[in-house]
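Here are my notes on the model you sent over. Have it open while you read.

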Amino acid sequence: MTAIQLKTGAPGARILGFGDYRPRRRVTNDELSQVMDTNDEWIQSRVGIAERRWASDDETLVEMATAAGGKALAASGLAPDEVDMVVLATASLEYPIPGIGPQVAHRLGIPRPGAFDLNAGCAGFCYSLEMASNAVRAGTARNVLVVGAERLSDVTDQTDRATAVIFADGAGAVVVGASDEPGIGPVAWGSDGDQYSAIEMVAGNGGKMIMAGQAVYRWATTKLTAALEEAMAAAGVGPEDIDVFAPHQANLRIIESMHKRLGFPERTVVARDIVTTGNTSAASIPLALSALLESGQAKSGDLALVLGYGAGLTFAGQVLRLP
Amino acid sequence: MSEDIQAGLAEILEEVAGVAPADATPEKSFTEDLDVDSLSMVEIATEVENKFGVAIPDDELANIKTVGDAITYITNNRG
C-alpha cells in the first residue's frame with residue numbers, strides 16, 4: 001500500500017505586515033441625531049463612539065479589501081506570487097455568491113491561490129488568523145493574506161438608533177508567513193449557538209441587522225474574560241507580558257470592562273479605535289492594530305492580546321507578536 | 001435581612017454607576033431617578049449574582065424598575 005505523503009510546514013507562523021482602508025466619509029453623532037432620536041451624549045455614554053466611517057458607492061467591499069490587502073502585502077515585503085492562500089473575513093456581502101476572496105486575490109495579482117470567504121461575524125478576523133497560521137505550519141501555504149472587510153452600513157437600518165450608531169465600514173489586513181519563533185499563539189475559541197438570535201439579519205426586519213444589546217453585553221462582559229485568560233495561558237504568557245490589548249471594537253464599555261477584569265500593568269496600551277471608527281466587525285482588530293502601529297503607540301516586537309467576538313455567537317482570541 | 005440586601009445593592013450601585021449610597025432607597029427608579037442606563041443594569045445584574053448568588057436573566061431584568069423591585073427579587077430568589 002502506498003502511503004499518502006504530507007508536506008512539511010514551518011515551525012511557527014507570524015504576522016509579516018498590516019494594511020488598512022478607512023472609508024473617506026466621516027459620520028458624526030450630530031449627523032445621526034438629525035435622522036433619528038439620539039444625541040452625541042447618549043451615543044458616547046452607551047457605546048463610546050464619537051464618529052464612524054461609512055463607505056460611499058465607489059468604496060465597495062472588494063475595493064476596500066483590495067486596498068487593505070495591497071497595503072499589507074507591501075508592508076510584508078512579499079511579491080504577490082509568494083502568497084498561496086487568501087482568507088476574506090466578512091459578514092456583509094450584498095449577495096452571498098460568489099464569495100469575494102478569489103476576486104480580491106485576482107485584483108492583487110496573486111496567481112491562483114486557495115481563496116475563500118469566512119463568516120464568523122465579528123470574530124471572523126481571529127478565526128481567519130487561526131486558519132492562516134495552521135496553513136503555514138502544515139505546509140499548505142508559504143504565506144497567507146487575511147483580510148477583514150465590512151460594509152455594515154449596507155445591512156443596518158440607518159434609522160434604528162440601536163444599531164445605526166454602532167456599525168460601520170472599513171477593511172484591515174495582514175500577511176501571515178513562516179517563522180522559527182512563533183508569532184501567533186494558540187487560539188482560544190468557541191461558540192454559543194444557543195444565542196444565535198442575539199445578533200442577526202432577518203427578513204422580517206427588511207434583511208437588516210437586529211441586535212439584543214443587553215444580552216450581547218452580558219455575554220461579552222461575563223463569559224469572554226475566560227477566553228482571554230485561556231489565550232494567554234495557552235501562549236505561556238500572563239497579563240504582565242501584554243504590551244497591547246486589542247479586543248474587537250464592539251463597544252467602548254465592553255473594552256473597558258474587559259481591561260479592568262484582566263489586571264494588565266499600567267504600560268499596556270489599550271486599543272480604543274472604536275471612538276473614531278465605530279464597530280467594523282471582522283475589520284476592527286486589524287484596523288485598531290494598524291492605527292496603533294502607525295501612531296507609534298504600539299511597536300514592532302510588542303506582544304498583543306486580541307479577541308474577536310460576535311454573531312453566532314462566536315469568539316476567538318490569540319496572543320500575537322507585532323511585526 | 002432586607003436592610004442587608006439594600007446595603008449590598010447600594011454598594012453595587014455606587015461601584016457600577018456612581019450612585020451615592022444614601023440615594024439608593026427602595027422607591028427610586030433606576031433609569032428615572034438614578035440615571036442608570038440599560039447596560040449598567042446588566043452590570044448590576046452581574047454583580048448581584050456575584051454578591052448574592054441570585055441570577056437575574058434578561059427577561060426578569062426588564063421587570064426590575066426600582067431599587068425596591070431589585071430588593072424584592074433578590075429576597076425571593078435567594079437560596
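The points below go from the domains of chain A to its sheet and then to chain B.

1. First, a caveat: this is a predicted model. Chain A is assigned two domains, domain 1 (12–179) and domain 2 (188–321). Their C-alpha centres lie 15 Å apart.

2. Where the domains of chain A meet, 43 residues of domain 1 are in contact with 45 residues of domain 2. On the domain 1 side, β1 (12–21), β3 (51–54), α5 (124–138), β6 (143–151) and β7 (169–179) each supply at least two residues. That side has 24 nonpolar, nine polar and ten charged residues.

3. Now look at the open sheet in chain A: five strands in the order β1-β7-β6-β4-β5, with mixed pairing. β1 and β5 (114–118) of chain A sit at the edges with a single partner strand each, so one side of each has no neighbour in the sheet. On average, neighbouring strands are turned by 15° against each other, ignoring direction.

4. For a closer look at one pair, take β1(A) and β7(A), which run antiparallel and are joined by nine bridges. Here A:G17 stands opposite A:V175.

5. Two helices to check against the sheet: α5(A) packs on it, touching β1, β4, β5, β6 and β7 of chain A, and its direction makes about 170° with that of β6(A). Helix α3 (residues 61–76) of chain A lies across β1, β4 (85–89), β6 and β7 of chain A, at about 130° to β1(A).

6. Finally, chain B: seven of its residues are in contact with nine residues of chain A. Helix α2 (residues 38–52) of chain B gives the most to the chain B side, with five residues. By class, that side has two nonpolar, two polar and three charged residues.

How values were computed
Residues numbered from 1 in each chain as written. Chains lettered and ligands numbered in written order. Predicted model: local features only at pLDDT ≥ 70, side-chain atom pairs only at ≥ 80, totals over all residues. Helix = DSSP H or I, 4+ residues; strand = E, 2+ residues; numbered from the N terminus. Nonpolar A, V, L, I, M, F, W, Y, C, P; charged D, E, K, R; others polar. Domains from an automatic or database assignment. Pairing = 2+ DSSP bridges. Axes fitted to C-alpha atoms, helices over the stretch in contact; angles between N-to-C directions.
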